[in-house]
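User: I am new to this structure and would like to learn how to read it. Can we take the features one by one?

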Amino acid sequence: MAEGVPRRQSTLDEVAELAGVSRSVASRVLNNAPHVSRAKREAVERAVHRLDYVPNPTARALATRQTGAAALVVSGEDPSIFADPFFAQVIVGASAALEDADLHLMLCLAASDRGRRRVEQLLRSKGADGVMLMALREDDPLARMAQEAEMPVVFGGRPVGLDPRWYVDVDNIGGARAATEHLISAGRTRVATICGRLDTEAGRARYRGYRDAMLAAGLEPYPPEVGDFTESSGAEAMAALLANHPDVDGVFAASDNMGVGALRTLREAGRPVPGDVAVVGFDDLAVARMADPPLTTVHQPIEGLGREMARMLVALINGQDPTPLILPTRLVARASS
């Protein structure tokens, strides 16, 4: 270096890169925060010594407020919702991404006024470094709380009536359109749908995809039978479809659970699948592969949804400004169609 030229200060990003850890891990080591393994702590300390890194006092003050945890908040009424295969896969994906950043995963269920108050307290007290919100319904108070929170918030699926800055979603419209087009291409002309709750963006978007495909093919869409993404609601909706439209020859169910429920009702009614009625679901859960007959479905990357939500949240925690993300879907053809 030329004489008289000041030496450039190393950055936290350079420390993290040399240590082979994330920026958030390096920050927590420098601020003696918990939840960092001994190996990573020692790697960061070696990198600091080698680069002669001097922490920025302002950045240090901000970092010391980190808790080392991120929360996944689900708006729902049933405490067993985390056992649902869909949410279980989301948790697996989110947990893996947070582990890479040395962040712990907290699970919160806003199933009652008391539960929502606890979540509101979490948001206001900054009891976590960031929050991922899922399963929001129209006019859900959690959406308002999230907008007012002074911490990073990532939405899993876009909430109805809001345009959040950070979210991860799947191509619900395109997936539903592909499912319906698959039924039409197989010669089905009387295709009905069992849609999810219409106070959720997923329910509305998948219904729009069904309508778009029917209208594009010159076919009249059926009025939807609405379920709540559960097997029992799919069975009940299929029974209603058979009562109101006994000539139906194809059904798009907006979730695999509802699709399996529809298969059960059709079997009990003596309507062969796919000979009499073809059925397509949405999700590509294990229950679709094990159904009788195996259920044609729309694959969505559920673990990927959780993983990308967590990655986006980590980026926000680290001071970055990520862009919203829409994950692709694809049709998986099986014996039910």
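User: Let us start with strand pairing. Which residue is the bridge partner of Met-134 in S4?

Analyst: This model is predicted. Gly-156 in S4 is the bridge partner of Met-134. Four bridges join strand S3, residues 130-134, to strand S4, residues 153-156. S3 and S4 run parallel.

User: What is the order of the strands in the open sheet of six?

Analyst: The order is S2-S1-S3-S4-S5-S11, and the pairing is parallel. At the edges are strand S2 (104-110) and strand S11 (325-327). Each of these edge strands pairs on one side only. On average, neighbouring strands of the sheet are turned by 20 degrees against each other, direction ignored.

User: Which strands does helix H13 lie across?

Analyst: H13, residues 302-317, lies across strand S1 (69-75), S3, S4, strand S5 (167-170) and S11. The helix runs at about 150 degrees to S3.

User: Now charges. How many salt bridges does the count come to?

Analyst: A salt bridge needs a side-chain nitrogen of Lys or Arg within 4 Å of a carboxyl oxygen of Asp or Glu. By this rule the count is 13. One of them joins Asp-321 and Arg-165, with the closest N and O atoms 3.0 Å apart. This pair links distant parts of the chain, 156 residues apart. Asp-321 sits in the loop between H13 and S11, and Arg-165 in the loop between S4 and S5.

User: Are Asp-321 and Arg-165 exposed or partly exposed?

Analyst: Exposed means over 50% relative accessible area, and partly exposed lies between that and 20%. Asp-321 has 49% relative accessibility, so it counts as partly exposed. Arg-165 has 54%, so it counts as exposed.

User: Which helices hold Arg-264 and Glu-231?

Analyst: The side chains of Arg-264 and Glu-231 meet in a salt bridge of 3.5 Å, N to O. Arg-264 is in helix H11 (residues 256-268), while Glu-231 is in helix H10 (residues 231-244). The two are 33 residues apart. Arg-264 counts as partly exposed at 29% relative accessibility. Glu-231 also counts as partly exposed, at 32%.

User: What separates Arg-311 and Glu-308 in helix H13?

Analyst: About one helical turn separates them, because they are three residues apart in the helix. Arg-311 forms a salt bridge with Glu-308, and the closest N and O atoms are 3.1 Å apart. Arg-311 is partly exposed, with 46% relative accessibility.

User: Which residues are linked in a network of salt bridges?

Analyst: The network links Arg-190, Asp-247 and Asp-249.

User: What lies 2.9 Å from a polar atom of the side chain of Thr-265?

Analyst: The backbone oxygen of Ala-235 does. Thr-265 is found in helix H11. With a relative accessible area of 9%, Thr-265 is buried. Beyond its neighbours within four places in sequence, Thr-265 is in contact with Ala-235, Met-238, Ala-239 and Leu-242.

Key: Residues are numbered from 1 along each chain as its sequence is written. This is a predicted model: local features need pLDDT of at least 70, side-chain atom pairs count only at pLDDT 80 or more; totals for chains, interfaces and linings use all residues. Side-chain values use heavy atoms; hydrogens and water are left out. Two strands pair if DSSP finds at least two bridges between them. Axes are lines fitted to C-alpha atoms, for helices over the stretch in contact, and angles run from 0 to 180 degrees between N-to-C directions. Contact means heavy atoms within 4.5 Å. Buried means under 20% relative accessible area, exposed over 50%, partly exposed in between (1.4 Å probe, protein chains only). A polar contact is a pair of N or O atoms within 3.5 Å; within protein, one must be able to donate a hydrogen and the other to accept it, and residues adjacent in sequence count only if both atoms are side-chain atoms.
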